[in-house]
Amino acid sequence: MYNQTEIIKDTSELGAEGELVINMGPQHPATHGVLHLVVTLNGETIKKIEPHLGYIHRSIEKMCESLTYRQFIYVTSRMDYLSSHINNLGCALLVEKGMAIEVPDRAKYVRVILSELTRIASHELWLGAMAMDLGAFTPFFYAFREREMITDIMEDTCGARLTMNYIVPGGLMYDIHPDFQKKVKAFITQFKSKVNEYEDLVTNNVIFQSRTKGVGILSAEDAISYGCTGPVARASGVSCDIRKIYPYEVYDKVEFEEVLETAGDSFARYMVRVKEMNQSIRIIEQLIDNIPEGDFVGKTKNVLKLPKGEFYTRVETARGELGVFVVSEGGTTPHRIKFRSPGFSNLSVLNHIAAGSKIGDLMASMGTLDLVIPDIDR
Amino acid sequence: MFLKEYISEVVNGVSSLLKGMRKTGYYFAHPKEIITEQYPDNRATLLMSDRFKGEVVMPHDENNEHACTGCTACELACPNGTIKVVTKFEVSPEGKKKKAIDALVYRLELCTMCNLCVVACPSDAIKMAPNFEHSVFDRTKLTKVLNQTGSKIREGIE
């Protein structure tokens, strides 16, 4: 029998004397989505943060089990919607690896260019939103101005601005737009001339620096033990760039540096992302003039069947390592599929880096983790 | 010592503020570099990319003929069950029976614009159109029949 009085008596979850438990979210402007944080406070000091997940769970992994190997790729755009192109790439790479499909060079080059454009777009959005969390509204519009050029390129070539679904197993869905190279070059010129505006507005701003420097420090050991990847781990000095360690597509042919910082605080995570945008521009510059002629899609069978076994691929999204694991029984649909999303591991570190700091610093710590909630919940 | 730090902090703060304000002031003085589009007011001049995936349409030529053979490749390719092909048998004047579509039912409310049906179509009968203003007051209006009334299959398409 449901006994109400006993539930009220059980106050263990409400915190000790003098502590205050507040719910941040699920509808909170700074959590950028339906993230629900249960924060235990003592005055203004954070005692404990407990993320509650499940508000945007769409059971994408289960959904994929009923879709064929051509169809399941589009669903992964809805996981980490800011780097949807890279999610699609990871799934396509898995099918190509399992079935030994040859991908033409042209498709490989275009895939990498679009992946890097997606990475820049994602970091631009993060930069604007992060500065807005800390109270600076203007950088949001400046970052979106450059991001808009990328979404225009995506709209021209892929037909959509966010959930592209442009990659199919074996290559690309259709050839690039005739204006593609011209528009990408125009974007590179625009980005290079405007990137110093972010330096003036955000990086060199005294208020921004004092709110992020020394806030939310994550050591390299903790980054490894929590499974952090991407810019969060690289800001602590952990070298974990999949593009360098396990190069896929044409990443082994291009020159770029893996951006590493050692401070591990929020400002280091900010700097990693800003420098990464410049490295992405460097990759695009090397590839954009050398897109080889030829087919944009390789020859594939009409019905794709993965051989019996287990397959795993990993790609570097804007947030870290995305792993795709498929168990195949030899049929047209996967038997079991699992995504190792970077956002979930990066969120798990939040309690560690923010406990003990003030509630105002939570925005800086959480913002620089670059959380995308549909990626965490799937 | 304390006073010196305090003053330098104030000077640094003011200078970084002015640096940021200079950028804002630059765009205030150069309104031509502002790229904001006044969307609902610029409908007449709005340029959409020709590849933009807004909805699935079936192009008809001037004789009210389309290229759909009713092979249901699009129905099989669709991940959401958006497309339903209803076929019938047409009897030609010579007495030959031929498969043709009665209706290609397209449910826009289920569509995720993944473009898989367009890629799967062997006779290029359907394509994506760049219309994006889909809101209606009644949900049933989102279920559309793509082939026009009285339309026929074009000659020479098998």
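These points concern a helix, a chain contact and a sheet in a predicted model.

1. Basis. Local features need pLDDT of at least 70 and side-chain atom pairs count only at pLDDT 80 or more, while totals for chains, interfaces and linings use all residues. Residues are numbered from 1 along each chain as its sequence is written, and chains are lettered from A in the order in which they are written.

2. Helix α7 of chain A. Residues 180–203 form this helix, which bends by about 35° at A:Lys192 (the angle between axes fitted to the seven residues ending there and the seven starting there). A:Val184, A:Phe187, A:Tyr198, A:Leu201 and A:Val202 are buried (20 or more other C-beta atoms within 10 Å of a residue's own, with C-beta atoms placed from the backbone). Their cover includes α5, α6, α8 and α12 of chain A, and also α1 (2–29) of chain B.

3. Chain contact. 19 residues of chain A are in contact with 20 residues of chain B (C-beta atoms, placed from the backbone, within 7 Å). On the side of chain B that touches chain A, the largest share, seven residues, comes from α1(B).

4. Sheet. In chain A, three strands in the order β6-β7-β8 make an open antiparallel sheet (strands pair if DSSP finds at least two bridges between them). The edge strands are β6 (309–316) and β8 (336–340) of chain A. Five bridges join β7(A), residues 321–328, to β8(A), and A:Val326 stands opposite A:Ile337.

Technical notes
Helix = DSSP H or I, 4+ residues; strand = E, 2+ residues; numbered from the N terminus. Buried ≥ 20, exposed ≤ 12 C-beta atoms within 10 Å, placed from the backbone. Contact = placed C-beta atoms within 7 Å.
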